[in-house]
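Visitor: Hi, I'm new to this one. Could you walk me through it?

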Amino acid sequence: PAWRNLMINFNRRFWPNYRWLAERVADGTTGAVNRARFTLHVDAGQWSSVSDHRAQAREGGPLYDLGSQMLDLVFVTFGRLPDEVQARRSGSGGMNERVEVTLRFAGGLVVDCDLAYGCRPIESVSITGARGTLQLRNPNFMAWVERRPSVPGRLVRSVADFAMLGYRGLVRSRSMLRYSVHAALESFISTLGSTQ
């Protein structure tokens with residue numbers, strides 16, 4: 001039979017900030033993790049000039065489109081599958097829909113995924129453990145460990161975040177989208193030689 005190589009484009013798993021979060025969870029930086037929140041909101045209307053498939057009910061809306069990316073990140077971050085999944089849908093559907101997914105894991109870990117079309121773009125992760133919180137307010141910012149929240153500490157982080165955003169704006173190859181898509185394609189191409 002003919003062999004075909006196929007790769008789902010979960011490009012976010014290749015982004016260093018998301019990998020850093022997974023490494024900090026694995027090495028116990030914040031202690032036992034008990035709660036996490038993954039948020040992905042997009043203005044799907046921006047893409048309608050390219051393709052209007054997101055507005056079609058049969059395409060699955062934000063649960064299928066955005067949820068697949070976020071659930072993959074949850075798996076990569078925690079290295080295991082949940083025991084229980086609950087989802088709630090709101091909005092008028094099409095380009096104005098929101099889905100909130102709650103994942104419950106053995107040991108008490110609860111992960112909330114907030115997915116939405118038709119609103120201001122937001123992509124962030126917050127992971128809370130016994131000894132602190134891992135924060136990524138925007139994938140193009142810096143990822144942080146927050147142990148004792150303070151106004152000066154937040155100011156320093158905000159300045160560093162926006163400096164990093166400026167750098168990624170100037171050096172577009174270092175932005176999340178371009179870097180992670182390139183890394184995903186590179187990974188796929190590297191497997192072609194090993195599967196023949």
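This is a predicted model: local features need pLDDT of at least 70, side-chain atom pairs count only at pLDDT 80 or more; totals for chains, interfaces and linings use all residues.

Visitor: How many helices and strands does the protein have?

Guide: The count comes to four helices and seven strands. Going along the sequence, the pattern reads α-β-α-β-β-β-β-β-β-α-α.

Visitor: And what share of the residues is buried?

Guide: Of the 196 residues in the protein, 37% are buried. As for contacts with a separation of 6 or more, 65% of them involve residues 24 or more positions apart.

Visitor: Okay, on to the helices. At what angle do α1 and α2 cross?

Guide: Roughly 40°, with the axes of α1 (residues 16–26) and α2 (residues 61–78) coming within 8 Å. That angle makes α1 oblique to α2.

Visitor: Which residues meet there?

Guide: From α1 you have Tyr 18, Ala 22 and Val 25, and they meet Leu 73, Val 76, Thr 77 and Phe 78 of α2. Sorted by type, the residues of this contact are six nonpolar, one polar and no charged.

Visitor: Where does α2 bend?

Guide: At Gly 67, by about 50°.

Visitor: What about its span, from end to end?

Guide: The end C-alpha atoms of α2 are 25 Å apart. With 18 residues at 1.5 Å a residue, α2 should span 26 Å, so the two values agree.

Visitor: Which residues of α2 are buried?

Guide: There's a whole list, including Gly 61, Pro 62, Leu 66, Gly 67, Met 70 and Asp 72. Leu 73, Thr 77 and Phe 78, which take part in the contact with α1, are also among the buried ones.

Visitor: What do those buried residues pack against?

Guide: Besides α1, they pack against the strands β1 (33–42), β3 (96–104), β4 (110–117) and β5 (122–129).

Visitor: What follows α2?

Guide: Gly 79 does, and its phi is positive, near 70°. Arg 80 is in the loop between α2 and β2 (84–93).

Visitor: Let's stay with Arg 80. How exposed is it?

Guide: Arg 80 is partly exposed, because its relative accessibility is 34%, and that class runs between under 20% for buried and over 50% for exposed.

Visitor: Which residues is Arg 80 in contact with, leaving aside its neighbours within four places in sequence?

Guide: Those are Phe 75, Phe 105, Ala 106 and Leu 109. Take Phe 105: Arg 80 is 25 residues from it in sequence, and their C-alpha atoms are 8.4 Å apart in space.

Definitions and conventions. Residues are numbered from 1 along each chain as its sequence is written. Side-chain values use heavy atoms; hydrogens and water are left out. Axes are lines fitted to C-alpha atoms, for helices over the stretch in contact, and angles run from 0 to 180 degrees between N-to-C directions. Helices (H or I, at least four residues) and strands (E, at least two) are DSSP runs, numbered from the N terminus. Angles under 35 degrees count as roughly parallel, over 145 as roughly antiparallel, 65 to 115 as roughly perpendicular and the rest as oblique. Contact means heavy atoms within 4.5 Å. Ala, Val, Leu, Ile, Met, Phe, Trp, Tyr, Cys and Pro count as nonpolar, Asp, Glu, Lys and Arg as charged, and the others, Gly among them, as polar. The expected span of a helix is 1.5 Å times one less than its number of residues. The bend at a residue is the angle between axes fitted to the seven residues ending there and the seven starting there. Buried means under 20% relative accessible area, exposed over 50%, partly exposed in between (1.4 Å probe, protein chains only).
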